[in-house]
Amino acid sequence: MKPGRTWLVYTLIRLGIFAVVLAVLLALQIEQWIAAVIAALIALCVSIIFLRRPREAASQTLYEARSNRNKAASPAPTGRTEDEDVEDQAVDRVGSASAASPAVPSVSATIESETETTVAASDETTKSTHSGRASGTE
């Protein structure tokens, strides 16, 4: 069964149940708004209990449509990121250092020392940039 037809059949069955129950309640001369609420609740209960197959078929078509849309929207993996490359290089350096010496520094210690070196170099660059600006403005 086509997805659109599945949804149409399920919706028409539920609306039919609602209409029949509403007609019966209105024939019993129950106030209109109360009859509509009761008919909606009864139609909901009946559809949950007796319309399992159409509901599951409609749910399956919704799931398939959603998964197809997500596949089309998700980009293909572009490869490795710069962060992954840096982490791999740090792990490789630790691994090669452990083969050369018995005292193996931890990965976090290696990363911390590399971070301190990078921060120190960045500070030097910042200082030279600021001193150049200060001397140029005087």
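The structure is a predicted model, in which local features require pLDDT of at least 70, side-chain atom pairs count only at pLDDT 80 or more, and totals for chains, interfaces and linings use all residues. Residues are numbered from 1 along each chain as its sequence is written, and side-chain values use heavy atoms, with hydrogens and water left out.

The secondary structure of the protein consists of five helices and zero strands, where helices (H or I, at least four residues) and strands (E, at least two) are DSSP runs numbered from the N terminus. Along the sequence this gives the pattern α-α-α-α-α. Of the 138 residues in the protein, 12% are buried; buried denotes under 20% relative accessible area, exposed over 50%, and partly exposed the range in between (1.4 Å probe, protein chains only).

The largest nonpolar core comprises nine residues, namely Tyr10, Ile17, Val21, Leu22, Leu25, Ala35, Ala39, Ala43 and Leu51. A nonpolar core is defined as a set of buried Ala, Val, Leu, Ile, Met, Phe, Trp, Tyr and Cys residues joined through side-chain atoms within 4.5 Å. Helices α1 (3–27) and α2 (32–50) each contribute at least two residues to this core, and the largest share, five residues, is drawn from α1.

Serine 47, a residue of helix α2, is classed as buried because its relative accessible area is 1%. Phenylalanine 18 lies in helix α1 and, at 25% relative accessibility, counts as partly exposed. A separation of 6.0 Å is found between the C-alpha atoms of phenylalanine 18 and alanine 40, which are 22 residues apart along the chain. Alanine 19, likewise placed in helix α1, is partly exposed at 42% relative accessibility. The C-alpha atoms of alanine 19 and alanine 39 are 7.7 Å apart, at a spacing of 20 residues along the chain.

The loop between α1 and α2 contains glutamine 29. Phi of glutamine 29 is near 60°, a positive value in a residue other than glycine. With a relative accessible area of 74%, glutamine 29 is exposed.

Two surface patches were also identified. Patches are made of residues with over 30% relative accessible area and no salt bridge, like charges being joined within 9 Å and nonpolar side chains (Val, Leu, Ile, Met, Phe, Trp, Tyr) within 5 Å. A salt bridge is a side-chain nitrogen of Lys or Arg within 4 Å of a carboxyl oxygen of Asp or Glu. Accessible areas follow the Shrake-Rupley method with a 1.4 Å probe; for residues, only the protein chains shown count as cover. A nonpolar patch of about 970 Å² is formed by Trp33, Ile34, Val37, Ile38, Leu41, Ile42, Leu44, Ile48, Ile49 and Phe50. Within this group, leucine 41 belongs to helix α2 and is exposed, with a relative accessible area of 52%. A patch of negative charge on the surface gathers Glu82, Asp83, Glu84 and Glu87. For charges, Lys and Arg count as positive and Asp and Glu as negative, whereas His and the chain ends are not counted; the place of a charge is NZ of Lys, CZ of Arg, CG of Asp or CD of Glu. Glutamate 82 is located in helix α4 (residues 82–100) and is exposed, at a relative accessible area of 63%.
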